[in-house]
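Hi everyone, thanks for coming. Let me put the structure up, and then we'll walk through a few of its side chains together.

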Amino acid sequence: MPQCSDYVQTVFKNTKTGNGQKWLMLDVRDREIMDDVFRLINLRKRIPS
């Protein structure tokens, strides 16, 4: 999270956890936020072994 924009960090911090997960609703307004979205997706992406 420290690499993400202040906006994404704030949304993440203020989103409640349910079933061990967080569902983020982000308003993608610029390239920085879009890059954050891809960064977060890559954290969740499973690489086949």
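**Pairs along a helix**

Asp36 and Arg39 sit 3 residues apart in helix α2, so about one helical turn separates them; helices here are DSSP runs (H or I, at least four residues), numbered from the N terminus. Before going on: this is a predicted model, where local features need pLDDT of at least 70, side-chain atom pairs count only at pLDDT 80 or more, and totals for chains, interfaces and linings use all residues. Residues are numbered from 1 along each chain as its sequence is written, and side-chain values use heavy atoms, leaving out hydrogens and water.

Back to our pair. Asp36 forms a salt bridge with Arg39, with the closest N and O atoms 2.6 Å apart; that term means a side-chain nitrogen of Lys or Arg within 4 Å of a carboxyl oxygen of Asp or Glu. Asp36 is buried, at 2% relative accessibility, while Arg39 is partly exposed at 33%. Buried means under 20% relative accessible area, exposed over 50%, and partly exposed in between, using a 1.4 Å probe and protein chains only.

How many salt bridges does a search of the whole structure find? It finds 2. Arg31 forms one with Asp35, at 3.0 Å between the closest N and O atoms. These two are 4 residues apart in helix α2, so again about one helical turn lies between them. Arg31 is exposed, at 64%, and Asp35 is partly exposed, at 29%.

Now for charges over rings, where NZ of Lys or CZ of Arg is within 6 Å of the ring centre and within 35 degrees of the ring normal. Lys22 has its charged end over the ring of Phe12, 4.2 Å from the centre. Arg29 does likewise over Tyr7, at 4.3 Å.
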